[in-house]
Amino acid sequence: MVHFNWTIDQIRDRYSYLCHLYSENKINNEEQRQKLIEDLALLKSMLEDKCLECHDASLLERYHGKTEQLEDIDYLWGEIRDFSICTKEDFATVPIKTCSLSRKDLLDLTHDFYKHCFDHFFFGNFMKSFYRRRDHILFEPANTPGLKEESFSINTTKESFLKVKREFTYDDLITTAHEYMHATSFLINAEHFLYSKEPYSEIDSTLVELLACDYFEGVFKDHKMDALKVALHKKFCDDAHNMSHLMSLYEVESELGCFKCNRDLRRRATECGITNLDSVLDDTPIVPTLDYIFAIEFYYLYKGNREKALNTLKKFIMMEYEDDVRYTRELGNLGLFPNANSRELHKERVMLSRTLKKRQ
Ligand SMILES: [Zn+2]
């Protein structure tokens, strides 16, 4: 049975409101009217229960796009081909301790995180979305039958509706912070969210995950450290760097039915003594490679100079998108082109995870 949810009434409600705006000719500005039409199309397709993820590019184009971008980053491309970098730890799933924070706790802690880690500009935009939290964010258990990803934003009314799939681990905090970054950057520049969907729209929210891990690690240091560390481990190691770009290619190749990476990855997994690769892969969220790598660059910038990092983040969100090549170059101009940082951070996290595993 498909699980219908809270958003359906709100979608209907917004749809009829926007229809009203449209039919009454309430919006004269051509650009805004165009956005209104896009919003209407989005809501209509949601009401008709069509797939929300719409990729204009064909699968093959996406694949080429992805691999071209990866080829630009030579050392990564080298790593992708070399599956010997994967170790048993990379394939292992880590049991995460449960933690049942209430809705209020999740929201309060997320609020404190944004207040503490961001400047006035970002916090102000966060609050514009946060103050509507009563009916704009939904937490649902990840095992709810038929649960769908349904976070979405409406241009005309400048609202975001967020859905967090709850795992009842500390990851829920990270996910809540992540989702709120989408709402925040949407308010700063709706185009950032709409036009730069793949693969850039997750950079800022991934940065938030990195910052949130550090922040919550501090918050819970007295009594819940271990559980949080395990969540950190999952985020930083299982999901991260190596696995993320391997998995991205693996996923795309599976879709395409071309099995170069698949074959090599499987061979390596077997060498590492992993026999249940498919279930491991099913459990591993795919983090698009470039998002993560650029987020790490932001993270390091933030560690060195918070003010500069937040200004750069603002510029990044405001950046106009024309094509991937120009966009990537602009990112480089902001000083964010991947360098040794991403490798260093990855190494650090792997070390941390191994230490933690020994302690368990
Ligand atoms: Zn996201």
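Residue numbers start at 1 along each chain, in the order its sequence is written. Because the model is predicted, local features need pLDDT of at least 70 and side-chain atom pairs count only at pLDDT 80 or more, while totals for chains, interfaces and linings use all residues.

**View 1. The protein chain holds 20 helices and three strands.** Helices (H or I, at least four residues) and strands (E, at least two) are DSSP runs, numbered from the N terminus. Of the 360 residues, 36% are buried. Buried means that 20 or more other C-beta atoms lie within 10 Å of the residue's own; exposed means 12 or fewer, and partly exposed lies in between, with C-beta atoms placed from the backbone.

**View 2. Helix 9 (residues 171–188) crosses helix 12 (residues 203–219) at roughly 140°.** Their axes come within 8 Å. Axes are lines fitted to C-alpha atoms, for helices over the stretch in contact, and angles run from 0 to 180 degrees between N-to-C directions. The angle makes helix 9 oblique to helix 12. Angles under 35 degrees count as roughly parallel, over 145 as roughly antiparallel, 65 to 115 as roughly perpendicular and the rest as oblique. On the helix 9 side, the contact includes L173, I174 and A177; on the helix 12 side, it includes D204, S205 and V208. Two residues are in contact if their C-beta atoms, placed from the backbone, lie within 7 Å. The contact residues are eight nonpolar, four polar and two charged. Here Ala, Val, Leu, Ile, Met, Phe, Trp, Tyr, Cys and Pro count as nonpolar, Asp, Glu, Lys and Arg as charged, and the others, Gly among them, as polar. Helix 12 itself is mostly covered, with 13 of its 17 residues buried.

**View 3. Helix 6 (residues 103–117) and helix 9 cross at roughly 60°.** Their axes come within 10 Å. The two helices are therefore oblique to each other. Helix 6 brings L106, L109, T110, F113 and Y114 to the contact. Helix 9 brings D172, L173, T176, A177 and Y180. By class, seven of these residues are nonpolar, two are polar and one is charged.

**View 4. K158 sits in the loop between strand 2 (152–154) and strand 3 (159–166).** Its phi is near 55°. That is a positive value in a residue other than glycine. K158 is partly exposed, because 13 other C-beta atoms lie within 10 Å.
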